[in-house]
Amino acid sequence: MVTFIAILFAGALFAGFIGSLTGLGGGVIIVPLLTIGFGVDIRYAIGTSLISVISTSSGAASSYVKEGILNIRIGMFLEIATTLGAIAGAAIAVFAPTHAISIIFGLVLLYSAIVSFQKRKGELDSENLPEEKPNRMAELLKAKGTYPTADGLKKYTLQHLGGGFTVMSLAGILSGLLGIGSGALKVIAMDSIMKIPFKVSTSTSNFMIGVTAAASAGIYLNRGYIDPVLSMPVMVGVLIGSLIGAKFLIRSRTKSIRIILAIVITLLAFEMIYNGLAKNI
Amino acid sequence: MRNIMGTLLRVGVFSAAFLAVSGGVLFFIQHPKEISDFTTFKGEPAKFRQVHLIVKEAFNLRGRDVIQLGLLLLIATPVARVIFSLIGFLIEKDWIYVAITAIVLIILSVSLFSNYLTF
């Protein structure tokens, strides 16, 4: 058992490191690691993964909060959508057959591989800020703010509230169903749909992930999906790994790491889909 | 305000990790030879599922019970952040956001205490 825990810890350390280096988060790597690597039942794997998602995102959010770019109001408002979605996702997970969850997980993983492969186009997008359209709902919700750029402070106002809210609900459902942070989808909702500057979107998304994951983790805990012996090494491993990864982030942005990762994630995705179709999971 | 929030999150995560590691050490001392099987799903017993039982059992200082309290503390950390925001909006008298934050808090409570509710 001590060996099992030690290997698990090492794997989680690696997953946290890679997750924070690539911005994918630990969740997408922990679930395949546990199910494919250790043969753990996918329900335990998802519960464990949620725990690691809360620990890394809260750890990261604590430093974002101080920077002051994130928009707490917009985050809080959108958390209504993500937490409701998360509960719905966790409820679906309780009733859905595990092989179906495995297939959905594989598809999301495949999508993550594509996203991680693309250049971060959003970073450029936020340079040419969208024209400010006044809208009543955003005014009422004070859903606007400023952020620092090279030419001083720039203003932004939240656009397309309905669309953003819908995509946020979907992000919540996926988070609850698969035990992932679904940070990428949250950023897409804010950056591409609601026209919030990329940097504000990424830090606000990270801030929201912990609350979203807590909403589904509550259901998983009550349903008995969260095992102490399994969760302990994973939580601590991913946390330490992500802290190390955050230190490396500034130095290494090499393309080769991204390519290798995209290939590994694609392989894991096919494995998850295959196992689901063959009903091995 | 933001500084306190950042500290709150950090303290929550690291004390949860500390509890989990301490529980892990206790577990190894108390059950050095035990082998757990996770390949088939059995579901956890009530003492690892219900909030009040997790808190109660942890005082017996058995390894797994202490870890589970750490995990509960971790799940409670984002909830504490939301409660803290609620207080902040109350002080600012921002009633719309008091309402929005209260809704998020209710959703989180429903999830965390879903065992006590009958659907």
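Two residues are taken to be in contact if their C-beta atoms, placed from the backbone, lie within 7 Å. The structure described here is a predicted model. By that criterion, and leaving aside neighbours within four places in sequence, F84(B) is in contact with M5(B) and L8(B). F84(B) belongs to helix α3 of chain B. In space, the C-alpha atoms of F84(B) and I4(B) lie 9.2 Å apart, although the two residues are separated by 80 residues in sequence. F84(B) has 15 other C-beta atoms within 10 Å and is therefore classed as partly exposed, because a residue counts as buried at 20 or more such atoms and as exposed at 12 or fewer.

Chain A consists of twelve helices and two strands. Read from the N terminus, the order of its elements is α-α-α-α-α-α-α-β-β-α-α-α-α-α. The radius of gyration of chain A is 18 Å, close to the 19 Å given by the globule rule for 281 residues, so chain A is as compact as a globular protein of that length. The C-alpha trace of chain A spans about 55 × 40 × 30 Å along its principal axes. Buried residues make up 58% of the 281 residues of chain A. Where contacts in chain A join residues at least 6 apart in sequence, 81% of them are between residues at least 24 apart.

The two chains touch through 49 residues of chain B and 49 residues of chain A. On the side of chain B, two or more residues each come from α1 (2-30), α3 (63-91) and α4 (95-112). The most are given by α1(B), with 15 residues. Sorted by class, this side of chain B comprises 27 nonpolar, 16 polar and six charged residues.

Helix α3(B) also takes part in a helix pair across the two chains. Its axis and that of helix α10 of chain A (residues 198-223) come within 8 Å and cross at roughly 130°. The angle falls between the 65 to 115 degrees of a roughly perpendicular pair and the limit of 145 above which a pair is roughly antiparallel, and α10(A) and α3(B) are therefore oblique to each other. The crossing of α10(A) past α3(B) is left-handed. From α10(A), the contact involves G210(A), V211(A), A214(A), A217(A), G218(A) and L221(A), and from α3(B) it involves I75(B), P78(B), V79(B) and V82(B). By class, the residues of this contact are eight nonpolar and two polar, with no charged residues.

How values were computed
Residues are numbered from 1 along each chain as its sequence is written. Chains are lettered from A and ligands numbered from 1 in the order in which they are written. This is a predicted model: local features need pLDDT of at least 70, side-chain atom pairs count only at pLDDT 80 or more; totals for chains, interfaces and linings use all residues. Helices (H or I, at least four residues) and strands (E, at least two) are DSSP runs, numbered from the N terminus. Ala, Val, Leu, Ile, Met, Phe, Trp, Tyr, Cys and Pro count as nonpolar, Asp, Glu, Lys and Arg as charged, and the others, Gly among them, as polar. Axes are lines fitted to C-alpha atoms, for helices over the stretch in contact, and angles run from 0 to 180 degrees between N-to-C directions. Angles under 35 degrees count as roughly parallel, over 145 as roughly antiparallel, 65 to 115 as roughly perpendicular and the rest as oblique. A crossing is left-handed if the near helix is turned anticlockwise from the far one by less than a right angle, and right-handed if clockwise. The radius of gyration is taken over C-alpha atoms; the globule rule is 2.2 Å times the number of residues to the power 0.38.
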